[in-house]
Amino acid sequence: MRRTLLPTAAFLPAIGLLLLTACGTERQGTATGASPSAAQDCGDGTGTGTAGAGTGSPDGEEVVIVGTGTKPFAGRARPCATYSVTNRGTEPLTYTVTLQFLSAETGTGLAMPQETVRDVAPGRTVRRTVVPDDIHPDAETGQVRAKVLTVRSVPVAEEPSRGGTCPPTGVRVYADDGDAAMGLRVVGLHLENCGTRPYRIEGHPRVEVLDEAHDRVDGVAVLKGGDAIASGTGADGAPERLVLAPGERAQAGLVWRNTVDGVTDGPVNAPYARVWAQPGAAPVMVTPEFDLGTTGRLGVGPWKKARKEQKGAGEARPGGRQRDDSGT
């Protein structure tokens, strides 16, 4: 177990820029077992660059752009990119890949699609073609390039769930996008009883901070109560004994600061958290994108019953915009 220092997503290298040239032929969003060298989905695959962002695999790039070009969409040509995802690990993984399309002339960002590639078996390569459905008009006036911004992965057995079929456990656990202000971060954890029986829960979720290789980051103190970091976040108060009827929800908050004090160890950045809703519960891996600075502290609030949603209103929770870690 180790304390790993990692770059934040905002500073990942802009690797693998490719000019979008030839025209592709295959359907958008298809996935096959073809090798990257055989990919012809979008373009001719002759680009000289590749793009990769790792999840800890030292044996090679897990995500590579293998073809670029244009595809017809709504009566006009749209830029496209085909990429491959290779699972170099030992268990099935679900990947979230964020791509960026830019103007080759000005470098202006034109689109930033996020793709979810589910259940990639160990040793398997799948490929996908993405055609952004919302792209800046500048994409039609000149050449466009594409790159891989970030790659995140979670074990299929620990994949968070917000919709679709209820997990065998009868509960869903997932995280939202969170809020950030003046260096303070708050991300909400959410639990929904999607089963048919009451679900009893009490106390704080257990949380482990994980690096890009899904290894635990040592040297981070996980504290009970968000008020251990800051007050007024909604992640404070004493634990309560909750009984959630089918369809009811609970929420808890993750609170940290990204303060950097100039110590020699440098800031700690870690993408993932493994969460146990309570002792004996199945673990779920979420992606809060921790930027803990040099504080080495994370506050975890107690589970609280979520207020019922009002029609047209967002979900009551700590944190900010709603995120679906599962990609659904």
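**View 1. Strand S8 and its partner S4.** Of the 12 residues of S8, 10 are buried, so this strand is largely enclosed by the rest of the structure. Buried here means under 20% relative accessible area, exposed means over 50%, and partly exposed lies in between (1.4 Å probe, protein chains only). S8 pairs with strand S4 (residues 93–103) in the antiparallel sense, over 11 bridges; two strands pair if DSSP finds at least two bridges between them. To find your way in, look for Thr-98, whose bridge partner in S8 is Thr-150. Please keep in mind that this is a predicted model: local features need pLDDT of at least 70 and side-chain atom pairs count only at pLDDT 80 or more, while totals for chains, interfaces and linings use all residues. Residues are numbered from 1 along each chain as its sequence is written, and side-chain values use heavy atoms, with hydrogens and water left out.

**View 2. The whole chain, for orientation.** The secondary structure comes to zero helices and 22 strands; helices (H or I, at least four residues) and strands (E, at least two) are DSSP runs, numbered from the N terminus. Buried residues make up 51% of the 328 residues in the chain. Among contacts between residues at least 6 apart in sequence, 74% join residues at least 24 apart, where contact means heavy atoms within 4.5 Å.

**View 3. The disulfide of Cys-166 and Cys-194.** A disulfide is counted when two cysteine sulfur atoms lie within 2.5 Å, and the count comes to one. The sulfur atoms of Cys-166 and Cys-194 are 2.0 Å apart. The pair links distant parts of the chain, 28 residues apart: Cys-166 is in the loop between strand S8 (144–155) and strand S9 (171–175), and Cys-194 is in the loop between strand S11 (184–193) and strand S12 (199–202). With 70 degrees about the S-S bond, the link is right-handed. Cys-166 is partly exposed, with a relative accessible area of 25%.

**View 4. The aromatic pair of Trp-256 and Phe-290.** The structure holds one aromatic pair. The ring centres of Trp-256 and Phe-290 are 4.9 Å apart and their planes stand at 70 degrees, so the pair is edge-to-face. For reference, rings of Phe, Tyr and Trp (its six-membered ring) pair if their centres lie within 6.5 Å; planes under 30 degrees apart count as stacked, over 60 as edge-to-face and the rest as tilted. Trp-256 lies in strand S16 (residues 249–257) and Phe-290 in strand S20 (residues 290–293), so the pair ties together parts that are 34 residues apart in sequence. Both Trp-256 and Phe-290 are buried.

**View 5. Arg-206 over Trp-276.** Here the charged end of Arg-206 sits over the ring of Trp-276, 3.9 Å from its centre. The rule asks for NZ of Lys or CZ of Arg within 6 Å of the ring centre and within 35 degrees of the ring normal.

**View 6. Two loop residues with positive phi.** Most residues other than glycine have a negative phi. His-214, although not a glycine, has a positive phi of about 70 degrees. His-214 is in the loop between strand S13 (206–210) and strand S14 (221–224), and at 16% relative accessibility it counts as buried. Glu-289 also has a positive phi, near 60 degrees. Glu-289 is found in the loop between strand S19 (284–286) and S20, and at 30% relative accessibility it counts as partly exposed.
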